Amino acid sequence: MPTLWKLYTMQEASQHNSKEDCWVVIDGKVYDVSSYLDEHPGGDDVVLAATGKDATDDFEDAGHSESAKELMETFCIGELDTSSPVIPELEISSKKQTDYAQKLVGLTKQYWVVPVAVVSISVVLGFLYLRKK
């Protein structure tokens, strides 16, 4: 006999985003991980950052073990209701954060020459100063 799960919308799941009440959505399932936050090897901030969105990619990118995936099943409280739309504000917010990170990476790639030049000139001047003595 199949197990019946409660259906939750992404909006419902996103409201549980505090250390005392933390839900995450992974692979279409909703997990109440509030009691596990202090035990999470990556820290509670990593899990809290994954609330309010589909955290499947974050979970998979972290390379969790099979035992971690089995443990996660004990926290499952239901499934995501895919018939309801995802909260657009949350998608926009995550896109803005990604854009900011990409701009920051682009700037560091673009302006790496300045610090290298400063260090190089300092080394040359140091050698010249020591040579005169």
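## The whole chain

Start with everything selected: among contacts (heavy atoms within 4.5 Å) in the chain between residues at least 6 apart in sequence, 70% join residues at least 24 apart. This is a predicted model, in which local features need pLDDT of at least 70 and side-chain atom pairs count only at pLDDT 80 or more, while totals for chains, interfaces and linings use all residues. Residues are numbered from 1 along each chain as its sequence is written, and side-chain values use heavy atoms, with hydrogens and water left out.

Colour by secondary structure next. The chain has six helices and four strands; these are DSSP runs numbered from the N terminus, helices being H or I of at least four residues and strands E of at least two. Read from the N terminus, the order of elements is β-α-β-β-α-α-α-β-α-α.

Now show the surface. The chain exposes about 9900 Å², and 59% of this comes from carbon and sulfur atoms. Accessible areas come from the Shrake-Rupley method with a 1.4 Å probe, and for residues only the protein chains shown count as cover. Of the 133 residues, 25% count as buried. Buried means under 20% relative accessible area, exposed means over 50%, and partly exposed lies in between (1.4 Å probe, protein chains only).

## Strand 4 and its partners

Select strand 4, residues 76-80. Which strand pairs with strand 4 in the parallel sense? Strand 1 does, over three bridges; two strands pair if DSSP finds at least two bridges between them. Within strand 4, E79 is the bridge partner of L7.

Strand 3 also pairs with strand 4, in the antiparallel sense and over three bridges.

## Two aromatic pairs

The structure holds two aromatic pairs. Rings of Phe, Tyr and Trp (its six-membered ring) pair if their centres lie within 6.5 Å; planes under 30 degrees apart count as stacked, over 60 as edge-to-face and the rest as tilted.

Select Y8 and W23, an edge-to-face pair with 4.9 Å centre to centre and 75 degrees between the planes. Y8 lies in strand 1 (residues 6-8) and W23 in strand 2 (residues 23-26), so the pair ties together parts that are 15 residues apart in sequence. Y8 is buried at 10% relative accessibility, and W23 is buried at 9%.

Then select Y36 and F75. Their ring centres are 5.5 Å apart and their planes are at 45 degrees, so this pair is tilted. Y36 sits in the loop between strand 3 (29-32) and helix 2 (44-49), and F75 in the loop between helix 4 (66-73) and strand 4 (76-80), so the pair ties together parts that are 39 residues apart in sequence.

## Around F75

Keep F75 selected. Is F75 buried or exposed? F75 is buried, with a relative accessible area of 15%. Leaving aside its neighbours within four places in sequence, F75 is in contact with V30, Y31, D32, V33, S35 and Y36.

## A patch on the surface

Finish by selecting helix 6, residues 113-132, where L125 lies. L125 is exposed, with a relative accessible area of 52%. Together I121, V124, L125 and L128 make a nonpolar surface patch of about 370 Å².

Conventions: Patches are made of residues with over 30% relative accessible area and no salt bridge: like charges are joined within 9 Å, nonpolar side chains (Val, Leu, Ile, Met, Phe, Trp, Tyr) within 5 Å. A salt bridge is a side-chain nitrogen of Lys or Arg within 4 Å of a carboxyl oxygen of Asp or Glu.
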